[in-house]
Amino acid sequence: MTDEEDRRKIKDERRHPSEKDETAMPRRAHDSGRVRKAIRTELEEVAEAGADTQAESGPKPGRKPQNTVISLENISLSFEEQILDNISFKAYEGETIVVVGESGTGKSTILKLLLRLLVPDNGRVAIDGEDITHLTFDDALKVRQKMGMVFQGAALFDSMTVYENVAYPLREHTTLNEDEIEARVREKLQFVDLEPDRVMDQMPSELSGGMKKRVGIARGLANNPEIMLYDEPTSGLDPLTTATITYLILKLQRELGVTSIVVSHDIRSAFRMASKIALLANKRIEFFGTPEEMTGSEDSYIREFLGGF
Amino acid sequence: MPLTSGTRSVAVPYQLEINAILTRRETGHPLPQQHVSRYALVTPHAHQLILETFNDAAKRSVYSLQEYFALAGKAVGFIFVKPFYTADLFQQMDQIGVGSLGIVLLTGFFTGMVLALQSSVQLQALGQTALIGKLIAGSMVRELGPVLAGLMVAGRVGSGIAAQLGSMRVTEQIDALNTLGTDPIKKLVTPRVLASLIMLPVLTIINDFVGILGGNIIAKFYLGLPSSLYWRTVFEQVLSGGFTLRYIPNDFIQGLVKPFVFGGIISTVACYHGLKTSGGTEGVGIATTRTVVTASILILVVDYFLTQVLLALFTP
């Protein structure tokens, strides 16, 4: 039951004093009927998260305005039919923006635009102020190195071990020697709460869904990117693993200060980790603001989307 | 080069995916505006509808062809551009070449034997059994060796490549490569194409040899022809086609240009269909089938035209 050990360990870490400072509410230490409690704990945390992220990334008086890391300006894109219509938003340094919306509304397309796997019909995508819409293929490859992407199904390379997977971006783009690469791989695997010695030689097919996601995050992190992109990081996972992954994304934001764009339809974990939420509907961004603003909204679609939440 | 820019074009579902790797999106040209509601705007006559359908189908196939050649061109171009994925190349050479050795040996051997068996009936009727070596060497080296090796490799390797790249596409591993700053064509397609270009001629030589050997066995045990006579007629045949650059027998050139071309066809067709895969596991199956069918047909058709050209160029 290695996964359970992991989860327990992570749960313990979550009760670490430094965490307790941030989250005022006490948590139950013993758990019988763990799953239900995990969900409840998570719900409690969601309530706190709004306050948390607000305190961290909301506009603070007296603080310098932050750098814009990602900006999408008036993006339109159509294939057989229009997918995105005049979409604009910005992400400041260290922010986590969660893009929510119904399935098939083009959420993942936004990530592909940021990675320049797609080019918009109209509008401009800028990373660190650099317009990436008209780059050549090679220059686009360079821009992508600033970003770490976590795919829905983790997208680990089947033919490589966990170690080779995490080491891949290092081998491709750095001149690190083998010792340095191994040190970096171990560091990243530890960061995502995996035991390097146990998983390094395993093949992706031997891992559980949650572990795959974590290796995926470790691979995304390997090159120390300034931007992390997540495509449905919690889809298809059980509530406990979902909590673990959500916690990891939060940890990344807090400890490394990376700017993140998360595409998700898991509204609960979205509220937990978001600095701002973008609601995509009818090819447009119908709402963009903090989780609190969203819950306070009177708009009927937003109310409906939030449902019983 | 975009096929159409500014004008209307057909809507191809996988355009979204393949374009990221291939030509158009990378050059930053906006995609031509689509025309979804075309049929709704006018109520055309039946013949107009039929024409439209043909028009769309034609455009779609021309567009696919353009994509295919763009991919093939890029893959071959990257052979000469750093970084070289040497480890991948050797792995592919092992899989394509060494991996196919078994079936190539088997098919070559039995084809040679059956060829000898069938022709011995005719030759016995004519009293010309001594010519059997000539007949088998001629057909194996020039024709059957390359084509059989090509067809077998198309079935075994082509389907494998298409399935592998297809599932990599479906599980977003191709996107992951792109995201990690690697050109998937360079990393995945180029080593496979190069390995096929190198290994198919090698497999063909083995196939030829084993086929002639199979003929030898039938000639010896069925017709009672001494092996020395058999092999002498084999060499006579191979050398009778004349020489290029004084020392290279024309038959060898014919027999090795073909597998080289077939290797290119198999690997590029497989990679193209693999990368173009869409629609989950079902899509992988479709891509695999398409690869084997397309590659096999192309091998047979190209073989005909190649033979005509080679015969015209290398007739003594």
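Tutor: Strands here are DSSP runs of E with at least two residues, numbered from the N terminus. The model is predicted, and in it A:N74 has its place in strand β1 (residues 68–78) of chain A.

Student: What is the phi of A:N74?

Tutor: As a general idea, most residues other than glycine have a negative phi. The phi of A:N74 is near 50°, a positive value in a residue other than glycine, and this residue is partly exposed, with a relative accessible area of 43%. Likewise, A:K283 has a positive phi, near 70°; A:K283 sits in the loop between β9 (276–281) and β10 (284–289) of chain A and is partly exposed at 36% relative accessible area.

Student: How should I read two packed helices, and at what angle do α6 and α9 of chain B cross?

Tutor: Two packed helices are described by the angle between their axes and the distance between the axes. In chain B, the axes of helix α6 (residues 132–170) and helix α9 (residues 227–240) come within 7 Å and cross at roughly 50°, so α6(B) and α9(B) are oblique to each other. Their crossing is right-handed. Among the residues making the contact are B:I136 and B:R142 of α6(B), with B:Y230 and B:V234 of α9(B); by class, this contact has 6 nonpolar, 4 polar and 3 charged residues.

Student: Is B:S159 buried or exposed?

Tutor: B:S159, which lies in helix α6 of chain B, counts as buried because its relative accessibility is 16%, under the 20% cut-off. Its side chain reaches the backbone oxygen of B:G155 at 2.5 Å.

Definitions and conventions:
Residues are numbered from 1 along each chain as its sequence is written. Chains are lettered from A and ligands numbered from 1 in the order in which they are written. This is a predicted model: local features need pLDDT of at least 70, side-chain atom pairs count only at pLDDT 80 or more; totals for chains, interfaces and linings use all residues. Side-chain values use heavy atoms; hydrogens and water are left out. Axes are lines fitted to C-alpha atoms, for helices over the stretch in contact, and angles run from 0 to 180 degrees between N-to-C directions. Helices (H or I, at least four residues) and strands (E, at least two) are DSSP runs, numbered from the N terminus. Angles under 35 degrees count as roughly parallel, over 145 as roughly antiparallel, 65 to 115 as roughly perpendicular and the rest as oblique. A crossing is left-handed if the near helix is turned anticlockwise from the far one by less than a right angle, and right-handed if clockwise. Contact means heavy atoms within 4.5 Å. Ala, Val, Leu, Ile, Met, Phe, Trp, Tyr, Cys and Pro count as nonpolar, Asp, Glu, Lys and Arg as charged, and the others, Gly among them, as polar. Buried means under 20% relative accessible area, exposed over 50%, partly exposed in between (1.4 Å probe, protein chains only). A polar contact is a pair of N or O atoms within 3.5 Å; within protein, one must be able to donate a hydrogen and the other to accept it, and residues adjacent in sequence count only if both atoms are side-chain atoms.
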